[in-house]
Amino acid sequence: MGFTNIGIPGLIIILVITLIIFGPKKLPEIGSAFGKTLSEFKKSANSLMNDDDEEDTAKKADLSKDKNQQI
C-alpha cells in the first residue's frame, strides 16, 4: 500500500485535515518551512552530484596523465 496514487481528492483531504489541526494562522508558516526544507535538500543534492562529477573528471585526467607518462 503505497502513496503513489494519492490524486487530487487525497491532496484536498490532507490539506483540510492539516488546516483543521494547525489552523489558518500556522499554515503559511508550515508551507514556508516546507519550501525552505525542499530548497535546502535540492541544493545539497546538486552539491553532491557536482562533487561526484568533479571527482570523475579528476580521475579521468589522472588516468590520461598516467597513460601519457607511460608512453
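**View 1. The stretch from residue 6 to residue 23.** Over residues 6–23 the chain is 89% helix and 0% strand, with 23 Å between the end C-alpha atoms. Helices (H or I, at least four residues) and strands (E, at least two) are DSSP runs, numbered from the N terminus. This is a predicted model, where local features need pLDDT of at least 70 and side-chain atom pairs count only at pLDDT 80 or more, while totals for chains, interfaces and linings use all residues. Residues are numbered from 1 along each chain as its sequence is written, and side-chain values use heavy atoms, leaving out hydrogens and water. An unreviewed UniProt entry places the feature "transmembrane region" at residues 6–23; such annotations may be inferred rather than shown by experiment.

**View 2. A nonpolar patch on the surface.** Here you can find Ile 6, Ile 8, Leu 11, Ile 12, Ile 14, Val 16 and Ile 20, which together have about 670 Å² of accessible area (Shrake-Rupley method, 1.4 Å probe, only the protein chains shown counting as cover for residues). Patch members have over 30% relative accessible area and no salt bridge; like charges are joined within 9 Å and nonpolar side chains (Val, Leu, Ile, Met, Phe, Trp, Tyr) within 5 Å. Ile 6 lies in the segment before α1 (7–22).

**View 3. A salt bridge between Lys 26 and Glu 29.** Their side chains meet at 3.6 Å, N to O, under a rule that asks for a side-chain nitrogen of Lys or Arg within 4 Å of a carboxyl oxygen of Asp or Glu. By this rule the count is one salt bridge.
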